[in-house]
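Dear colleague,

I am passing on a structure that you have not worked with before, and below it I have set out what was found. Please read the notes with the structure open beside them.

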Amino acid sequence: MKLLVVEDERELREALLNFFKAEGTIPVSAKDLFEAEDQLMLQQFDVVILDIGLPDGSGLSLLDVIRSTQDNCGVLILSAKNSLDDKIQGLDNGADDYLTKPFHLTELNSRVKALVRRKVFNGNSTIDFEEISINTDDNEVRINGENVTLTKKELSLLIYFVSNKDRVLTKESIAEHLWEYSIGYSDNYDFIYTHIKNLRKKIELAGGNDYLKTVHGIGYKYSLK
Amino acid sequence: MKLIQKTNRNFIVLVLILVPIAIISIFFLLNYFIQNEVDEKLRVDEKRIIEQIMSGASIKSLEPIYEIRIINSNAKEGSKIKNTEVYDPIEKEKEPFRELSSIKKINNQNFSIVVRQATIESDDLLNVIIYSIAGIFFVFILLIYFLNARVSKNIWKPFHFNLKQLQDFSLQSGNKIQLRASTIDEFNDLNTSLVQMTNKMDRDYQILKEFTENASHEIQTPLSIISLNLEEIVQDNLPEKTLSKVYSVYQSVQRLSKLNEKLLLLAKLDNQQFSANHSISLNDVLKQQLEDFQPVFENEEITLTAFIDDVFNVDLDEYLATILITNLLSNAVKYNLKKGNISVKVNSQNIVISNTTNESIDCALIFERFKKGSATIESTGLGLAIVQKIADLGQLQISASLNSGIFQIKISK
């Protein structure tokens, strides 16, 4: 997967580059509109992570350049402004997703992966992890080929875990992933146990293994080891 | 007391003092001048009589206007003038007269000459003066009063209009104050000062509002960097002691982010960055949120009872409506008892969310920013301030009450 990160804050840019390098992608970075346009002219990307507030203008103005230079590229907007106008304008002008700062890397990761599935595999994609197979097109989960019925939240949780396998996922990031408007309820994350308990039960009942490990009161890790 | 009453009252007091003084002075002045005039006429009359006598004409007395007698005694020549009352045979009553009586030696004969002139009685004069002046002043006051009432009504009209504008003026509304011009310079000066003052207030307020919003925005990026790096550190195989310290820092950063997010939302609500132009059903939002809260309720062993009788529609942004409901439900969980209850009642006019609690919540304070209803529960103190702001935007009334362990928040149209 080819990824372009357009972000003016050096530290944030590097954190994103390091993260996606570790994820096995080849990220390219740009610190402003000028550099980003250069990169977009040079090569094709699968996903562009685009910060709106850039020193030489709004990242939104790059959406036109992306449309004219890229064949099939997903755009995820990052914004410090939790502004509905920006969101609507961004999505109207061809962006695919929107994430507000501060965000969790794992959340960004699962969204980028979802974008890749949508763009690169045209939605016809399954995520496989050992005996578990998730079809994100019709939202079907199979364990050893057997259908398992999950609720929307449980499915979203499972995709989040598998997308971020082998990483420690904090309770906070899980709660925010599950809860669209996390601003309202943010003082106690214990409720995610209920979701996780239900998900575990369903997978085990279908004969799947429990790959979810607890990490010292911090959160969870989805991994083989 | 109204200004017009005050000035009218002062005017009347002044008139009440001035009128008697005027009457008394006019009386004495008139008296003095009339007397002078009469005296002069009496002397002229006397002179004419003396001339007649000198020329040898015989003059008969004409009572009571003049009396001429020859006296034989050797009386001294001289004259004196006085007020007197003489019986008038025609009018058949005593009348006041001014009398000049003198003794003159004419052609070696002594004459007693008395010349009189009827005068007005002082009482009559005084009465005439009092009545005429009182009458004039009465008409004068009446005219001034009505004229004042009429004129002041017109003059004060822009003032009252402007007063209403000032009463309705709110910095938060963002509308500039529109004052009506007047024909009175003082009022126009006041208007100019008011407009300048409100403009300055408005500018200061804008700066303050933008400051909050800009500060919140600027904080987002460093918070992101801290949070992202901490998430990376957590991935490493750290000793448990270090890990728990890092996690504690991470949790604090998350809390800071949430706080900042709430402040930003409040700043945006203050800056009117949301418009409430389409109607949505709060029932749908409520149903969705109750579903999302199910694991929270389960975790806290809270029993939910919901009575949804009718559709409660409101003009609100969906995002804000969701935050409104989430904050209320979140509150109902946070201040609840373990194994407590939450009850949600909806009809077309009201939404009532109540919960069991053993906190002593100060209902007067909870909608204020950073005012926490309870000292024991950890909270940012912004949740209900946001609720209040959103309710204001949707033109909803919101009230809270605590009654024998049941805390209740009511939203009504």
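A residue is called buried here when its relative accessible area is under 20%. The model is a predicted one, and by that cut-off buried residues make up 39% of the 413 residues in chain B. Chain B holds seven helices and eleven strands, and its accessible surface comes to about 24300 Å², with 55% of that belonging to carbon and sulfur atoms. Among the contacts in chain B with a separation of 6 or more, 64% are accounted for by residues 24 or more positions apart.

In chain A, helix H2 (residues 33-42) packs with helix H3 (residues 62-69) at an angle of about 10°, and their axes are 10 Å apart. Angles under 35 degrees count as roughly parallel, and H2(A) and H3(A) are therefore roughly parallel to each other. On the H2(A) side the contact is made by A:Leu33, A:Ala36, A:Glu37, A:Leu40 and A:Met41, while H3(A) contributes A:Leu62, A:Val65, A:Ile66 and A:Thr69. Sorted by class, this contact has seven nonpolar residues, one polar and one charged.

One residue of chain A may also be worth a look, namely A:Ser223, which lies in the segment after strand E14 (219-222) of chain A. Because its relative accessibility is 4%, A:Ser223 counts as buried. Leaving aside residues up to four places away in sequence, A:Ser223 touches A:Phe129, A:Asp166, A:Tyr211 and A:Lys213. Of these, A:Lys213 is ten residues from A:Ser223 in sequence, and the two are 7.5 Å apart in space, C-alpha to C-alpha.

Methods: Residues numbered from 1 in each chain as written. Chains lettered and ligands numbered in written order. Predicted model: local features only at pLDDT ≥ 70, side-chain atom pairs only at ≥ 80, totals over all residues. Heavy atoms only, no water. Axes fitted to C-alpha atoms, helices over the stretch in contact; angles between N-to-C directions. Helix = DSSP H or I, 4+ residues; strand = E, 2+ residues; numbered from the N terminus. Parallel < 35°, antiparallel > 145°, perpendicular 65-115°, else oblique. Contact = heavy atoms within 4.5 Å. Nonpolar A, V, L, I, M, F, W, Y, C, P; charged D, E, K, R; others polar. Buried < 20%, exposed > 50% of the residue type's maximum accessible area, 1.4 Å probe, protein only. Areas by Shrake-Rupley, 256 points an atom, 1.4 Å probe, with all protein chains shown as cover.
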